[in-house]
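Visitor: I'd like to learn how to read the features of a structure like this one. Could you walk me through it?

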Amino acid sequence: MTGSTSIRRLTAAGLQSSAAGLLALGIVVTPAHAGRHFNDNGNVLISDQFNNRVIEVAPNGDILWQFGLGPNNVTAKSPVGVNDAQRIDTNTLVSGTGAPPGSEPLCPNGCADNRVMLVDKNGKIVWQYGKFGVTGFGPDQLNTPVQATWTPSHTVFITDQANQRVIEVDLHKNILWQYGTNGVAGKGPNHLNNPNSVELVDNGNRLIADQSNNRAIEVARDGHIIVAFTAHGTLNGVAFASRLPNGDTLITDSNNNRVVEVNYKDDIVWSYATNTQPGSNPNPLPTRAIRLRNGNTIISDQFNQRVITVTPAGEIVKQYGTLNVAGYDTKSARKFLNAPYDAKVIGDDTGLTWSDTLHIVPQK
């Protein structure tokens, strides 16, 4: 998670909630007037970080599905401080990152989650790597997993941020590949500094957002760095990177409050700043930007408390949440989110690697 500024979190007393109270874990809500259903292409999956939930919303903002019990729950029934989610068939891959000290009133010294989970439509965990409340880098242990990516080989890449590594694990929980030295931050060979994402690119290499080293690096399976992207030394806090179909790389330059697209020569060919709108948080620290097939870009504008979709010309054509206003609502994401960290359009994961089919025997 980006941590260069103080955490800004709305306390439970200030959150908006419906009279009916919190949604039950994994309950599916399908408003009749929405005309949309769970897992329809075009719905948006949002990691609503400080509301401790993942939600699936219709294009009009209606909440169709929720995993997690909301901002007043920091138990294993919720993905605490969730940073990332990805839909795999009808299952959802979720990163329970945990909450740092000072960000969660219910555990002021911080809450460890440290799980990557695959949950089904009903909120049942069918696969998990890491253990709730357990921190480490031993077998089946993580320390602040900020992102996970499903691969076509039915393996999972996990960005294990505080362990300063990215790993690839199979469904039997074996580590198949690792880049980074356990618990040691650095910039030399086999070292990372607060990595924030990893994606598998078409040539089999791995594209890593090496956040505090202010770069995105493409690494071969043997650990050799093929290329590093820094936008000619201007990046500051690389929160996410993905390879576009045209060969360019889309980078969320969080501490500069912008998204940039760079070509292979490291030149910026497109950029969008998220802090220029009147009323914006001056430092919203955007965390995700994903290019859609129609050329627009969906951006998780974290501390502006919104998810936006912008055109190549920089026009906002869709927004969930209210600019710079945090809150909680169980029926709609039109008005309220709380530090949304990730957003993906279902069926439109340009730059990501995923699979349409998945058959897993649930864990006992």
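Visitor: Which residue in E3 is the bridge partner of Glu56?
Guide: Trp65 is the bridge partner of Glu56. Strands here are DSSP runs of E, at least two residues, and helices are runs of H or I, at least four, numbered from the N terminus. Two strands pair if DSSP finds at least two bridges between them. E2 and E3 run antiparallel and are joined by four bridges. They make a hairpin with five residues between them, and Gly61 in the turn has a positive phi of about 100°.

Visitor: Before we go on, what kind of model is this?
Guide: It's a predicted model, where local features need pLDDT of at least 70 and side-chain atom pairs count only at pLDDT 80 or more, while totals for chains, interfaces and linings use all residues. Residues are numbered from 1 along each chain as its sequence is written, and side-chain values use heavy atoms, with hydrogens and water left out.

Visitor: Is strand E3 largely enclosed or left open?
Guide: Buried means under 20% relative accessible area, exposed means over 50%, and partly exposed is in between (1.4 Å probe, protein chains only). Five of the five residues of E3 (residues 63–67) are buried, so the rest of the structure largely encloses this strand.

Visitor: What about Arg53: buried or exposed?
Guide: Arg53 sits in strand E2 and counts as buried, at 0% relative accessibility. Its side chain reaches the backbone oxygen of Asp329 at 2.9 Å. That's a polar contact: a pair of N or O atoms within 3.5 Å where, within protein, one must be able to donate a hydrogen and the other to accept it, and residues adjacent in sequence count only if both atoms are side-chain atoms.

Visitor: How do I read a nonpolar core?
Guide: In soluble globular proteins, nonpolar side chains tend to be buried together. A core is a set of buried Ala, Val, Leu, Ile, Met, Phe, Trp, Tyr and Cys residues joined through side-chain atoms within 4.5 Å. The largest one here has 16 residues, and Val44, Ile46, Val57, Ile298 and Tyr320 have the most contacts inside it. Strands E1 (44–48), E2 (53–57) and E24 (340–345) each give two or more residues to this core. Apart from it lies another core, of 14 residues, including Val116 and Ile167.

Visitor: Which residues does Val57 touch?
Guide: Contact means heavy atoms within 4.5 Å. Not counting residues up to four places away in sequence, Val57 touches several, among them Asp62, Leu64 and Ala333.
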